[in-house]
Amino acid sequence: MFACLRKNLATVLPTLIGITLVAFGLIRLVPGDPIEVMMGERRLDPEAHAALVKQMGLDQPLPVQYFDYVSKLAQGDLGESLVSREPVAKEFAVLFPATVELAAAALLLAVTLGLALGMLAGLKRGSLVDQGVMGAATVGYSMPVFWWGLILIMFFSVNLGWTPVSGRISIEYDVARVTGFLLIDSWLSGEEGAFRSACMHLILPALVLGTSTLAVVARMTRSSMLEVLREDYIRTARAKGLNPTRVVVVHALRNALIPVLTVVGMQTGSLLAGAVLTETIFSWPGIGKWLIDSIARRDYPVVQAGILISAATFIAVNLIVDILYGVVNPRIRSLH
Amino acid sequence: MMSTTAEVIPDYPSPAKEFWQGFTANRGAFAALIVFALIALASILSPLVAPYSPIEQFRDHMLTPPVWAEGGSWQFIFGTDELGRDILSRLLHGGRVSLGIGLASVLLSLLPGVLLGLLAAFYQHSISPIIMRVMDIMLALPGLLLAICVITVLGPGLINTVIAIAIGALPGYTRLTRAAALAETAKDYVTASRVAGAGVARLMFVTVLPNCMAPLIVNATLSFSSAILETAGLGFLGLGVQAPTPEWGTMLSAARDYIQRAPWVVTLPGLTILITVLSINLMGDGLRDALDPKLKKVG
């Protein structure tokens, strides 16, 4: 277990260093004077300009700047937003749980539904159910996230009035912040209306964000299931008279899960990218919307941090998936 | 396929014929090919077939509903947008932009990607670690985020969208080419060619590369469809092609405010994106079935 972790960390570390280089280069690669680019329309007198150059350390040689940047990062200092003048890390701490909540809900929806539908399609191969599920999965995979969001808003929020259009919770509720995850916080508050409001706000964005992952998981589960069901040990299990449900759930599913797990890890990337679009559509106050708003405001320290955080999250999730392999499949565990 | 066992001497079809038979055996892929060909043709011929200019504003006909809706007319078959522009004309011209960006970005990532992948496969100890580490870093930023990164540096626009999407797709091609080429270089025919005195360039491009084409073609199809989705996504976020150039995603971004009053402004561009991407993905499935018999057995 620890050997496996060490081996993974050895490959992850260079990538992490590379990502800090990318984030560091982001401001410095912009053509022209970075300060002027950042200020855009906002005029700046020469004195303030010089002060800002000094504050950001842009007068130092590049290696010094980079070393400075990384050592600040190591202390959790992500810089200061040019617009709000707040430390980026502080804003991030508020917004990150919102994105995690959204992505977790989307992933949960995608994996449970995707596994169920994929198994169903695999077991009833060639049937109408199979064709229906696979057809829907192909459409879901091809769906433009932002349009899907708009269509669902049009149908469920505008026409039927079932769900709210944007935000995380109705403004009438003031839930005390404990974890930052509104579902948990509103549950803890004991106010039933607040919890219901948080749920209703979450359901459409989670569905939109989870759709393409759902499609991929369903497809993968089906083909992985088909492959496993042909194995000798399945025939043995059936031949010795095991309950068919037990054969599918215990013998087949566990082995079919391995490729599915890989897909889930890879899908975190598309969830992070999809979050940018989903949060923009639903005005969901998370990292994605923050990133896009900051690009529009030329708030480069925030963009820098947003990119860094997204990449770090992606790397971390894939590391966890790598470790989970060993848990699901003992054969891989013994390889390490 | 089923009848081959009955025949005594199989009449081997030409590779092209075999490919076509494999592809058309997948009826979904064949239908998708026809749909995509129609979309592509209509986009290419948009200056001839579009009823109006995509940027001409009919001030008296703002937000006219499409012909099948109440209040619609044959004058504007798909209706008009908030500035009175003909939606059908914008969709047709937008197809040129969206498909053009998709194609350009596929080429721009395919060519360097294949070259880097081959280099990594042939120089496993010197160049490969550097290339693959850089690719790992690029892969840590998922598709759209990497594109956003590039746009942040270069600024929005049509050419920059192509570059941003191409950079995002590059690691995929590099890794795929490297993996496929590594599998081939271990085979006897490559060793034979090497012993016969073939130079590295000849080994790379003449001996090995043709045998790596199948996964590359399938990947190119799939990255074409995701390039179209990403172009639209960037356009929607206001980071892609800028107004008034008609582009499917950019059209949707402006339409957001009219969900209630003019749903067709939202529905039609999105449906166009969905149908296009769907047809390309179905074609990709068919290509995979036809080109890679190993994958065919599953599913």
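Hi everyone, let's start where the two chains meet: 35 residues of chain B are in contact with 40 residues of chain A. Contact here means that two C-beta atoms, placed from the backbone, lie within 7 Å. On the chain B side, the elements giving two or more residues are helix H5 (128–139), helix H6 (143–154), helix H10 (213–236) and H12 of chain B. H12(B) supplies the largest share of that side, nine residues. Sorted by class, the side of chain B that touches chain A has 24 nonpolar, eight polar and three charged residues. For those classes, Ala, Val, Leu, Ile, Met, Phe, Trp, Tyr, Cys and Pro count as nonpolar, Asp, Glu, Lys and Arg as charged, and the others, Gly among them, as polar.

A quick word on what you are looking at. This is a predicted model, in which local features need pLDDT of at least 70 and side-chain atom pairs count only at pLDDT 80 or more, while totals for chains, interfaces and linings use all residues. Residues are numbered from 1 along each chain as its sequence is written, and chains are lettered from A and ligands numbered from 1 in the order in which they are written.

Now chain B as a whole. Chain B has 13 helices and zero strands; these are DSSP runs numbered from the N terminus, with helices being H or I of at least four residues and strands E of at least two. The C-alpha atoms of chain B fill a box of roughly 75 × 55 × 35 Å along the principal axes. Of its 299 residues, 46% are buried. By buried I mean that 20 or more other C-beta atoms lie within 10 Å of the residue's own; exposed means 12 or fewer, and partly exposed is in between, with C-beta atoms placed from the backbone. Looking at contacts in chain B with a separation of 6 or more, 68% join residues 24 or more positions apart.

Back to H12(B), residues 263–291. Its 29 residues should span 42 Å at 1.5 Å a residue, and its end C-alpha atoms are 42 Å apart, so the two agree. The expected span is 1.5 Å times one less than the number of residues. Because 23 of those 29 residues are buried, H12(B) is largely enclosed by the rest of the structure.

Which helix packs with H12(B) at about 170°? That is H10(B), with the two axes 9 Å apart. Axes are lines fitted to C-alpha atoms, for helices over the stretch in contact, and angles run from 0 to 180 degrees between N-to-C directions. The angle makes H10(B) roughly antiparallel to H12(B), a label for angles over 145 degrees. Residues making the contact include Ile217(B) and Phe224(B) of H10(B), and Ile273(B) and Leu287(B) of H12(B). In that contact, 14 residues are nonpolar, five polar and one charged.

H6(B) is another helix to look at. Its 12 residues should span 16 Å, and its end C-alpha atoms are 17 Å apart, which agrees. H6(B) is mostly covered, with 10 of its 12 residues buried, among them Leu145(B), Ala147(B) and Cys149(B). After H6(B) comes Gly155(B), whose phi is positive, near 90°.

Next, Ser105(B), in helix H4 (residues 87–122) of chain B. Is Ser105(B) buried or exposed? Ser105(B) counts as buried, because it has 28 C-beta neighbours inside 10 Å. Beyond its neighbours within four places in sequence, Ser105(B) is in contact with Val162(B), Ile165(B), Ala166(B), Ala169(B) and Ala227(B).

Let's bring both chains together. The largest nonpolar core has 159 residues, and those with the most contacts inside it include Val217(A) and Leu145(B). Such a core is a set of buried Ala, Val, Leu, Ile, Met, Phe, Trp, Tyr and Cys residues joined through C-beta atoms within 7 Å. Helix H9 (residues 192–229) of chain A gives the most to this core, with 17 residues. Val217(A) touches residues including Ala110(A), Leu115(A) and Val263(A).

Finally, two loop residues in chain A. Most residues other than glycine have a negative phi. Arg85(A), not a glycine, has a positive phi of about 65° and lies in the loop between helix H4 (62–74) and helix H5 (88–123) of chain A. Ser283(A) also has a positive phi, near 45°, in the loop between helix H11 (244–281) and helix H12 (287–296) of chain A. Arg85(A) counts as exposed, with 7 C-beta neighbours inside 10 Å, and Ser283(A) is exposed with 12 other C-beta atoms within 10 Å.

Key: Parallel < 35°, antiparallel > 145°, perpendicular 65-115°, else oblique.
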